[in-house]
Amino acid sequence: MELGTLAVAAIGAVFGVGATLVSDLVRSRREQDRYWSETKRTVYVRFLASLAQTHSRMIIGAFRDHPADVRRNQVHDAFHSDPQHSDATSMLRELAIVSPDHVYQAALPVYEQLRVIRETLAVESLHPESAEYAAVRDPFLAGMEALQKVMRKDLQPPASGHR
């Protein structure tokens, strides 16, 4: 065998191994991105669902015709006790770990507005169509809509060429 043939074979082998390594790295990165995106999607959905479910449980307790102390206890219990063990406070902590800071910062005011609803419903005897309830509910619903948009944008794949 000639030295030139041996050199060409060695260069080809190095090139082949290098191409395989690069390909494996790209594939691994793509799989990791997909896994991370699915993890975020799951947490985002669970957080939004926990906010909506907590709100629903609170209004069920608040709009029944109960004495003030019973209503207050039911509203607070609805906020703190989730039968599916995914209360809004726990989900906020999970969101803080998984999401980028801009998503977490967008979620905080929505969570805080849910707490305002809790305090309003626990203290006052309101009706679903009352202006007082609408004044605390409407910012919450608008915040949920805005947060969904932030989360949806975060989950969009990056445009090609921007990696």
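I take buried to mean under 20% relative accessible area, exposed over 50%, and partly exposed in between, with a 1.4 Å probe and protein chains only. At 10% relative accessibility, Lys 40 therefore counts as buried.

**Ground rules.** I am working on a predicted model, where local features need pLDDT of at least 70, side-chain atom pairs count only at pLDDT 80 or more, and totals for chains, interfaces and linings use all residues. Residues are numbered from 1 along each chain as its sequence is written, and side-chain values use heavy atoms, with hydrogens and water left out.

**Lys 40 and its partner.** I looked up the salt bridges, each a side-chain nitrogen of Lys or Arg within 4 Å of a carboxyl oxygen of Asp or Glu. The structure holds six. One of them joins Lys 40 to Asp 154, with the closest N and O atoms 2.9 Å apart. Lys 40 is in helix 1 and Asp 154 in helix 5, so I noted a link between distant parts of the chain, 114 residues apart. Helices here are DSSP runs (H or I, at least four residues), as are strands (E, at least two), numbered from the N terminus. Asp 154 has 18% relative accessibility, so Asp 154 counts as buried.

**Salt bridges within a helix.** I then checked Glu 38 and Arg 41, whose side chains meet at 3.3 Å, N to O. Both lie in helix 1, three residues apart, about one turn of the helix. Glu 38 is partly exposed at 41% relative accessible area. Arg 41 is partly exposed too, at 35%. Glu 112 is partly exposed at 36% relative accessibility, and Arg 115 is partly exposed at 32%.

**Aromatic pairs.** Which rings pair up? I counted Phe, Tyr and Trp rings (the six-membered ring of Trp) with centres within 6.5 Å; planes under 30 degrees apart are stacked, over 60 edge-to-face, and the rest tilted. The structure holds two such pairs. Phe 63 and Tyr 133 have ring centres 5.2 Å apart and planes at 85°, so I logged the pair as edge-to-face. Phe 63 lies in the loop between helix 1 and helix 2, and Tyr 133 in helix 5, so the pair ties together parts 70 residues apart in sequence. Phe 63 is partly exposed at 25%, whereas Tyr 133 is buried at 3%. The pair of Phe 79 and Tyr 111 is tilted, 6.1 Å centre to centre with 45° between the planes. Phe 79 is in helix 2 and Tyr 111 in helix 4, 32 residues apart. Both are buried.

**A charge over Phe 79.** I also looked for NZ of Lys or CZ of Arg within 6 Å of a ring centre and within 35 degrees of the ring normal. The charged end of Arg 118 sits over the ring of Phe 79, 4.4 Å from its centre.

**Core.** I treated a nonpolar core as buried Ala, Val, Leu, Ile, Met, Phe, Trp, Tyr and Cys residues joined through side-chain atoms within 4.5 Å. The largest has 32 residues; among those with the most contacts inside it are Phe 47, Leu 95 and Met 151. Helices 1 to 5 each supply at least two of its residues. Helix 4 gives the most, with nine. Leaving aside neighbours within four places in sequence, Met 151 is in contact with Tyr 44, Phe 47, Leu 48, Leu 95 and Val 103.

Key. Contact = heavy atoms within 4.5 Å.
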